[in-house]
Every structure is written in structure tokens, then in C-alpha cells.
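Please read it with the coordinates open.

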Amino acid sequence: MNKELFESTEFYNKRYKNFSTIIIIPIFILLLGLIVFIFMGKMEITVNGSGNIMPVSKIVNVTSSNNINIVKKPINNQIINKGQTIIKYKDGKKVKSPFKGIFYKNNDSDSKSLGHVYPTINNTNKLMTKVYVTSKDIVSVQKGQKITMSLPNDKKNMLIKGYVKDYSSLPTTYKENIYYVVTCYLNPNNKDIKNILYGMNGNVSINTSKVSMLEYIKNKIV
């Protein structure tokens, strides 16, 4: 290569022009985008916990004081129709179900409870979950706030949307700690509802507020 080319203005212009194009300009754009995001972006503040899938409607506790006299009783996971006989005794006495549901057998042989009839999981029968939150977090929880419950599935978690229905004004003891109970109603879509079972446990995020990224970073630093 010609020595004069290295010393020429044209060579240095090309060299530093390429450097600024490849390195400086992208970094400047990245920093500018980061600054805009910090001042204009919003951060969602959540209160997190866990809960189980439960029915909103009351369940039927099927009890019997004398199992010997029972001549008919349901089996586990049996579908029970409204008005159908759940238990029939030798003397002809019957116990009927007030709604359509599923019978879940109680495996405790010493209990007087034979099991429970739960409402069928569908779009008509509402589902809920209860989340236990600390006294620090309960102050930011309000009725109507949106929630997301993540439930396990084969391929990926189901994300069930819902809202805060109510919360306790007095604390309760749960696992030897003091918590407040937040009741959340769930609104699963048609695709997910067929994969939901009572008792499923999942993580629950309550969206309590939105703050700017600048305020969020400042609060974290302070």
C-alpha cells in the first residue's frame, strides 16, 4: 500500500468515519432510547402470592353418622346431577344434591364426611382463589384490581385473568405467620377452562399500581 495514502486526509476521514458509524452512533442511539425509557416508561407494581383453585359457590358436605345403613353412595369423581340421590339408606331416606357437580370422596375412614360435591367447572360456575399477603402489602390492595394467576400445564403455564373481589380487614394466622386474606375471582377463557381442576396451585400477581421507571429506580436505590 502506498505510504502517502496512510498520511492522507482522505484515509483518516474514511477510518474515523467508519469507526463513528459502527461504534459511536449505535451507542448514542442506545443511550438515548434508555433515557427515553427511564423518563417515559411505566413499571407495574405487583403484590405476589400463591393460591388454590376454589369454587365461588358453596360445596355440599356429604356426611353420615351410620355408614352401615347406607345402601347407595357415589363413587369418587362421579358426576352428580341436580336433584340426584347422593345417599340412600335402608329405611328409604335419601339425600339429594341441590346442584349439578362432581363428587370427591373423602379418604379419611374415621371421618363422618363421605366426601363433597363440587360445582362443575364451566363458564357459569365462577372460580376463585385466596391469596395470603403481609401487612406491608395489604395497604396497596384494593377491590377491583386486576390479577393474573399462573397455573401449571403440559407445555406452558396457563395465565388466568381475574380481579380482587374482597380482602379481610383483620389478620389471620396462616402457617404460623400473620397474613391478610385477599379473595380473587377468576375469569378463565374457554380454551383453559377444560384444563382447570379444583385444588390446582399457582402463583398470583395482583397489579396494585403503575409508576414511572425513574420513580421505580429511585425507590429501589433509596
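1. First, a caution. This is a predicted model. Every value below is computed from it.

2. How many salt bridges does the structure hold? There is one. Asp 166 pairs with Lys 143, and the closest N and O atoms are 3.7 Å apart. The two residues sit 23 apart and link distant parts of the chain. Asp 166 belongs to strand β12, while Lys 143 is in the loop between α3 (135-138) and β11 (146-151). The pair counts because a salt bridge needs a Lys or Arg side-chain nitrogen within 4 Å of an Asp or Glu carboxyl oxygen.

3. Now the accessibility of those partners. Asp 166 is partly exposed, at 33% relative accessible area. Lys 143 has 56% and is exposed.

4. Which residues form the positive surface patch? They are Lys 72, Lys 88, Lys 94 and Lys 96. Lys 96 lies in strand β7, which covers residues 94-96. Its relative accessibility is 51%, so Lys 96 counts as exposed.

5. There is also a nonpolar surface patch, of about 440 Å². Its members are Ile 23, Ile 24, Ile 27, Leu 31 and Leu 34. Ile 27 is part of helix α2, residues 9-40. With a relative accessible area of 45%, Ile 27 is partly exposed.

6. Is Thr 129 buried or exposed? Thr 129 is buried, at 0% relative accessibility. Its place is strand β10, residues 127-133. A polar atom of the Thr 129 side chain lies 3.0 Å from the backbone oxygen of Asn 52. Please look at this contact in the viewer.

7. Check the backbone at Asn 77. Its phi is near 65 degrees, a positive value in a residue other than glycine. Asn 77 is in the loop between β4 (70-72) and β5 (78-80). The residue is partly exposed, with 48% relative accessible area.

8. Last, Leu 170. Where does Leu 170 lie? It is in the loop between β12 (158-167) and β13 (172-174). The C-alpha atoms of Leu 170 and Val 181 are separated by 8.6 Å, and the two residues are eleven apart along the chain.

Terms used:
Residues numbered from 1 in each chain as written. Predicted model: local features only at pLDDT ≥ 70, side-chain atom pairs only at ≥ 80, totals over all residues. Heavy atoms only, no water. Patch = residues over 30% accessible without salt bridge, like charges linked within 9 Å, V, L, I, M, F, W, Y side chains within 5 Å. Areas by Shrake-Rupley, 256 points an atom, 1.4 Å probe, with all protein chains shown as cover. Lys, Arg positive; Asp, Glu negative; His and termini not counted. Charge placed at Lys NZ, Arg CZ, Asp CG, Glu CD. Helix = DSSP H or I, 4+ residues; strand = E, 2+ residues; numbered from the N terminus. Buried < 20%, exposed > 50% of the residue type's maximum accessible area, 1.4 Å probe, protein only. Polar contact = N/O pair within 3.5 Å; in protein donor to acceptor, adjacent residues only side chain to side chain.
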